[in-house]
Amino acid sequence: MYWNQKYECMPREELRQLQLERLKVTVERAFYNVPHYRRAFQELGLEPGDIKSLEDLQKLPFTTKQDLRDNYPYGMFAVPMSEVVRIHSSSGTTGKPTVVGYTRRDIDTWAELMARALVCGGATRNDIIQNAYGYGLFTGGLGIHYGAERIGASVIPISGGNTKRQVMIMKDYCSTMLTCTPSYALHIAEVMEEMGVKKEELKLKYGVFGAEPWSDNMRREIERKLGISAVDIYGLSEVIGPGVAIECQEKNGLHIFEDHFIPEVIDPDTGRVLPPGQVGELVLTSLTKEALPVIRYRTRDITALLEGDCPCGRTHVRMARITGRTDDMLIIRGVNVFPSQIESVLLEMGGTEPHYLLIVDRQGSLDTLEVQVEVSEGLFSDEVRRLEELEGRIRQELESVLGISVKVTLVEPKTIERSEGKAKRVLDKRKI
Ligand code: DLL
């Protein structure tokens, strides 16, 4: 089952030709409309006319999250704001989040990609899709929503949270597909058990899960508990949101929608492009985006491109599941968290020492974050009430900065292990 067979199964030669045409347009768009790109190209002595073949892509400079931040909020946009119809953003680090924009045509492209993705996951116009990705600045909710409507499926825009209600609605409204993060899918399954609802009472058949790393083991677990077939969906705000790549029902790697994105895998240390099969950092170039074209965007996600034809008939290259990141970004309950965000809150608080440990764990299927921090010598011998007050203040501040709940534990001075090399500040106990 395809949504758009012509493009999804395009012969490779034709696909490469299309990519080249679209790449040239994208490079021109970026060069002439975005000062950052013009500068970066000129530093390398390049101009749009130098891109004559797909291989020439390798001459172009990389783009990083830092470039987006340096041009915060709208400096990387290639169209005037009057053309922008939607703004999303991804969670920030110490400072600013990354802001992304869409023209009307970008929204249309995104809906097309998400329609393809949901069909890969098993959806048809007859499905009832319970969309439990968060709606809002996060791209998950609205991204899936538009794709589901494009197919003509019935979408339930329930967003995340209120799990008992999720179960009730799943049962009463006869949802046939669930879309959310994999950890939330497991949590829903657990709450279902607690409520005494059996999977046989549901009409659920398919799941499309992503936005955080997960494993084949976790897939089996979710499939068994919910009685469904589950696929992995990948994407990132800077590139478009969900709908960059997805598994087909073969569940053997994620097809990257190559008529809209060119993937490369590089050695993160040298920037050298690696041959298929080798593990490195995924770099993506958009081919059709108007508001925010990205050229050789370094995703920081670790994967490999997989060679060989897929029995499903799609000709788009597959990538292995994302196994981690080259930076220290954590994904906790689907929210991107950088340890540096936490550090800057702790350092601003007063009363604490710059020694802390972040403990990430999974209770049931919900991620938890505990922040252990040493208090200053003077304070520790102080009254309990003052310590409690400090703990409360830190927790509140962290929760407002990160947008997730946090447990704060104050510990005695000099109790957190010191390291002789790089400090190890994160203990990730989750087994996924
Ligand atoms: O997470 C977009 C999305 C929404 C994807 C819904 C899939 C489903 P951001 O918030 O910008 O966008 O976070 C992007 O999340 O660079 C990866 O590190 C991680 N990520 C996304 N999908 C997967 C996945 C959305 N399937 C960052 N496996 C990316 C592993 C993933 N990691």
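Biologist: How many nonpolar, polar and charged residues are in the shell around the ligand?

Modeller: By class, that shell has 11 nonpolar, seven polar and four charged residues. Here Ala, Val, Leu, Ile, Met, Phe, Trp, Tyr, Cys and Pro count as nonpolar, Asp, Glu, Lys and Arg as charged, and the others, Gly among them, as polar. This is a predicted model, where local features need pLDDT of at least 70, side-chain atom pairs count only at pLDDT 80 or more, and totals for chains, interfaces and linings use all residues. Residues are numbered from 1 along each chain as its sequence is written, and side-chain values use heavy atoms, leaving out hydrogens and water.

Biologist: Which residues are the closest to the ligand?

Modeller: A residue is near a molecule if one of its heavy atoms lies within 4 Å of it. The ligand is surrounded by 22 residues, and Ala-211, Asp-232, Ile-233, Ser-237 and Asp-301 are the closest.

Biologist: Which element gives the largest share of that shell?

Modeller: Strands are DSSP runs (E, at least two residues) and helices are too (H or I, at least four), numbered from the N terminus. The largest share, five residues, comes from β7. Both α6 (139-151) and β7 (229-236) supply at least two residues each.
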